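Visitor: I have the model open and would like a short walk through it. Please keep the answers plain.

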Amino acid sequence: MKPFPRAEISRHALQHNLARLREIAPHSQIMAVVKANGYGHGLLNVAQCVGNYSGGADGFGLARFEEALELRDGGVKGRLLLLEGFFRASDLPLIVAHDIETVVHHESQIEMLEKSSLSKPVKVWLKVDSGMHRLGFSLTQFADVYQRLMSCPSVAKPINLMTHFACADEPQNPLTQKQIQAFEDLIKGLDGERTLANSAATLFWPHSQADWIRPGIALYGVSPVVGDKGVNHQLIPAMELVSNLIAVREHKAGGTVGYGAYWQAKEDTLLGVVAIGYGDGYPRNAPEGTPVLINGRRVPIVGRVSMDMLTVDLGKDATDNVGDSVQLWGKDLAVEEVAEHIGTIAYELVTKLTPRVVVELLS
Ligand SMILES: *Cc1c(COP(=O)(O)O)cnc(C)c1O
């Protein structure tokens, strides 16, 4: 028997999605965003799967220095970019040694670069705050900062340029166009590569694709937009989260189930107990009625999700058996839909799986 719960990751889906992103952004290079353990799909698995063939990803986006080192240690060759930059001057020598590139978004990073003496200059992406107001230099700071980096011997030239969108997942929101315009006006005539687009911008704001797109969630076959699904963009969900039925029980009308005893059966039924819970990263706040898939049909969660288990109402005529496989999300039950039931976004569901879930890369 295979171990459970498991996250089955489809190599075919990841490679298909990468190819689909190339179709959608034919003039851009692809920086596949694999931070947070490849959005829960396995950092090295994903990078090796989409990065080691001609036509594969041109580079990878990461949030932590340690993630970049893990990729280099695993033999990943493409360009690597630290999307939040470096946090400690003491990391700079290894960043240079492993040919890792870094975003520069803050004064403190410029100071560290100015004080450093490195064996080679480091490749940087200067981040402009064009309206997200989280990281980056404001439009008014930009010219000074650019000049400082230009005269800093530890910085490789040309300086690459980036920005990030606040609302690209809202196809009607005018802020995105304002951000694009502000960024373009600011950097006109400068050398260096440009990148603006995350998944949502890649899909919905094609004129923001520029030299590099930075898709994360779309690579995993998931739509960044609430109410939308990856399949609507010919993307294939790469993760199937599965576990097993470990008990089937007769349950009387009026009977309650689980901690708090707060769900009550309206009629006699059969309850199934599934071996997955918040200790695996399945959210405890999943409400009654959140669907799971058993033997090709959707059945609702009833009662509270506990640490290692959850309970479902199989219905009185159910023929399901202990050992049957249960899909929590995947090709036949979109993670976007499960996220809506739970009141969160698919990003959070896939990245929050705990190490107890076995991640298995399939063909
Ligand atoms: C996480 C991240 C991305 C990828 O975002 P998606 O919405 O998953 O495509 C792109 N750029 C930056 C700077 C990020 O931090």
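**Strands, helices and burial**

Visitor: Where is the place of Ile213?
Guide: Ile213 sits in strand 9, which covers residues 212–213. Helices here are DSSP runs of H or I with at least four residues, strands are runs of E with at least two, and both are numbered from the N terminus.

Visitor: What should I know about the model and the numbers?
Guide: The model is predicted, so local features need pLDDT of at least 70 and side-chain atom pairs count only at pLDDT 80 or more, while totals for chains, interfaces and linings use all residues. Residues are numbered from 1 along each chain as its sequence is written, and side-chain values use heavy atoms, with hydrogens and water left out.

Visitor: Back to Ile213: buried or exposed?
Guide: Ile213 is buried, at a relative accessible area of 0%. Buried means under 20% relative accessible area, exposed means over 50%, and partly exposed is in between, with a 1.4 Å probe and protein chains only.

Visitor: Lys77, then. Buried or exposed?
Guide: Lys77 is exposed, with a relative accessible area of 74%. The residue is in the loop between helix 4 (65–73) and strand 4 (79–82).

Visitor: And overall, how many helices and strands are in the protein?
Guide: The protein has 11 helices and 18 strands. Its C-alpha trace spans about 75 × 40 × 40 Å along the principal axes, and 54% of its 363 residues are buried.

Visitor: Moving to the ligand. Which residues are around it?
Guide: The residues around the ligand are Val33, Lys35, Tyr39, Leu83, His164, Asn198, Ser199, Arg214, Pro215, Gly216, Ile217 and Tyr347. A residue is near a molecule if one of its heavy atoms lies within 4 Å of it.

Visitor: How do the residues of that shell divide?
Guide: The shell has 6 nonpolar, 4 polar and 2 charged residues. In that scheme Ala, Val, Leu, Ile, Met, Phe, Trp, Tyr, Cys and Pro are nonpolar, Asp, Glu, Lys and Arg are charged, and the others, Gly among them, are polar.

Visitor: What is 2.5 Å from an oxygen atom of the ligand?
Guide: An N or O atom in the side chain of Ser199. A nitrogen atom of the ligand is 2.9 Å from an N or O atom in the Arg214 side chain, and a ligand oxygen is 2.9 Å from a polar backbone atom of Gly216. The protein covers 91% of the 390 Å² of accessible area that the ligand has on its own. Accessible areas come from the Shrake-Rupley method with a 1.4 Å probe; for residues, only the protein chains shown count as cover.

Visitor: Which pocket does the ligand take?
Guide: The space taken by the ligand is the largest pocket. A pocket, on a 1 Å grid over the protein atoms alone, is an open set of points with protein on both sides within 12 Å along at least five of seven lines. A molecule sits in one if more than half of its atoms lie within 2 Å of its grid points.

Visitor: Different topic. What does the side chain of Gln109 lie 2.7 Å from?
Guide: A polar atom of that side chain lies 2.7 Å from the backbone nitrogen of His105, and one lies 3.3 Å from the backbone oxygen of Glu84. A polar contact is a pair of N or O atoms within 3.5 Å; within protein, one must be able to donate a hydrogen and the other to accept it, and residues adjacent in sequence count only if both atoms are side-chain atoms. Gln109 is in helix 6 (residues 107–115) and is buried, at 2%.

Visitor: What does a polar contact join Glu101 to?
Guide: The side chain of Glu101 has a 2.8 Å polar contact with that of Arg79. Glu101 lies in strand 5 (residues 100–104) and counts as buried at 2% relative accessibility.

Visitor: Last item: backbone geometry. Where is Ala36, and what is its phi?
Guide: Ala36 lies in helix 2 (residues 35–39) and has a positive phi of about 50° although it is not a glycine. The peptide bond from Lys157 to Pro158 is cis, with omega near -5°.

Terms used. 1 Å grid on protein atoms, 1.4 Å probe; cavity = no way out; pocket = protein on both sides within 12 Å on 5 of 7 lines; lining within 4 Å.
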